[in-house]
Amino acid sequence: KALSVQLRYVSYHSPLGKRTMSEGDPIDSLLDQAASYAKKRLDDEDFVDFNFKCADATSSADVLGGKHDLIEMREGGGQRGMHAKRDIKAGTNLVMSKPIAVFWDVEDSDDEDEDEDNDDLEGIVNACLASGDSGDDDSVYVNSDGEKVDMKAALKKFKDKVDAAKKAEEKGGEGSQKQKAANLKASESDQDNEDDSDDDVSIGEAMGTTRNGVLVLRCLDKIEKDPSLWTDTLSRLFPRDADAALALPPWFCGDPTVGTEIEKRFDGLASLSLFPTDENEGTCGEIAARLPLIVRYNALSLETCSELFVYPDVKKGGMASLGGTGLYGPEVSYFNHSCAPNVSRYCIGDVMFFTTNRDVTKGDELCFSYVEHELLCESAEKRSALLDMDFE
């Protein structure tokens, strides 16, 4: 009850509809949904249909179009960020956002096994890279499900991606950004008849988690149903274009099954003719180059109401089953990191709130911490390592 009162106080100060505490308050409704879903998990451990409904969620279009009452996106020095349009009091709700795609923790019951699988896979491929071995029948990896992975094919695919990225970079002056993305796709098809070259990218940098791979697939599902999701929202996220994507470490999913499905979906994307004819091939190539990295650099963890509500046992009111990873639009992703944040975030289910934690002056940049607040007192070196990002 105390937590509900605290969150409803924040909602009272929200500009999202200038509502009173008894009128259209989203907090009570969301907490009721969370409690209902947590109870359903007690009765059915396979239940994962957490469909949190939230009216008046902040839209990317309002933020990008300058229509939000309190915040605006500004760009300078090659960086985008959120800034206050006027003086804002502490405890004011700035954003209430629903994700583009979400992966719930309860969908992944084998986190430990997955980490071990990825470590083993990374070790095998790194060994092959170090020795120059292209793989043979002895280089067979068997994951925890008993599935055999052709390491020769995995190694070749990784090296092809690195070489394709280098080729596309060399063609950087040829045409538009979309043409460069098309060059990347064309470069990948040329690898079969060329010698492998040395690379300076470690397999660890390139390997992504299963949950990020699933988020990529779920984004593709939505793009195929509504291509404007890419053009109006996802394409606005970091990395901003094919050039920026190619400057980052390449990415592929450490789960062979999910990774293979991603490659299959990317290969068939252009055939769906989702975009105007003269742009379709290039746009689909750009999606293939950027989308995995968009997920990698913009996905956020979500825990329902943080420590006070998550960690107690569900039978005692905890919401530990309602945590996961979500990809949100520019209304969330344009908030930059600060080790002295003036904004805090919290979630109820997959609905994410950004709230000022102190008074903010008009023009101030609005930032939150990408690492846990208790770690902000650590050294700069440790904080940088914890961020594990390639931002400039």
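A crossing of two helices is called left-handed if the near helix is turned anticlockwise from the far one by less than a right angle, and right-handed if clockwise. Keep that in mind for the second stop of this tour.

**Before you start**

The model is predicted, so local features are described only at pLDDT of at least 70 and side-chain atom pairs only at pLDDT 80 or more, while totals for chains, interfaces and linings use all residues. Residues are numbered from 1 along each chain as its sequence is written, and side-chain values use heavy atoms, with hydrogens and water left out.

**Stop 1: the whole chain**

Show the protein chain as a cartoon: it has 15 helices and 14 strands. Helices (H or I, at least four residues) and strands (E, at least two) are DSSP runs, numbered from the N terminus. Of the 392 residues, 47% are buried; buried means under 20% relative accessible area, exposed over 50%, and partly exposed in between (1.4 Å probe, protein chains only). Contact means heavy atoms within 4.5 Å. Among contacts with a separation of 6 or more, 72% join residues 24 or more positions apart.

**Stop 2: helices H8 and H12**

Now select residues 210–225, helix H8, and residues 277–298, helix H12. Two packed helices are described by the angle between their axes and the distance between the axes. Here the axes come within 9 Å and cross at roughly 125 degrees. That angle makes H8 oblique to H12: under 35 degrees counts as roughly parallel, over 145 as roughly antiparallel, 65 to 115 as roughly perpendicular and the rest as oblique. Axes are lines fitted to C-alpha atoms, for helices over the stretch in contact, and angles run from 0 to 180 degrees between N-to-C directions. H8 passes H12 in a right-handed crossing.

Show the side chains next. On the H8 side, pick Asn 212, Leu 215, Val 216, Cys 219, Leu 220 and Ile 223; they meet Ile 287, Leu 291, Pro 292, Val 295 and Arg 296 of H12. The residues of this contact divide into nine nonpolar, one polar and one charged. (Ala, Val, Leu, Ile, Met, Phe, Trp, Tyr, Cys and Pro count as nonpolar, Asp, Glu, Lys and Arg as charged, and the others, Gly among them, as polar.)

**Stop 3: a sheet and the helix on it**

Move to a three-stranded open sheet with the order E3-E13-E12 and antiparallel pairing. Its edge strands, each pairing on one side only, are E3 (93–97) and E12 (343–348). Two strands pair if DSSP finds at least two bridges between them; E12 and E13 (residues 351–356) have six. To find one, select Val 343, whose bridge partner in E13 is Thr 356. Helix H2 packs on the sheet, touching E3, E12 and E13, and its direction makes about 45 degrees with that of E12.

Within H2 (residues 26–43), click on Gln 33. Is Gln 33 buried or exposed? At 14% relative accessibility, Gln 33 counts as buried. Beyond its neighbours within four places in sequence, Gln 33 is in contact with Asn 51, Phe 52 and Lys 53.

**Stop 4**

- Asp 56, in the loop between H2 and H3 (60–64), has a positive phi near 65 degrees without being a glycine. At 47% relative accessibility, Asp 56 is partly exposed.
- Pro 239 lies in the loop between H9 (228–233) and H10 (242–246). The peptide bond from Phe 238 to Pro 239 is cis, with omega near -5 degrees.
- Ser 273, in the loop between H11 (256–269) and H12, also is not a glycine, yet has a positive phi of about 50 degrees. Ser 273 is exposed, at 53% relative accessible area.
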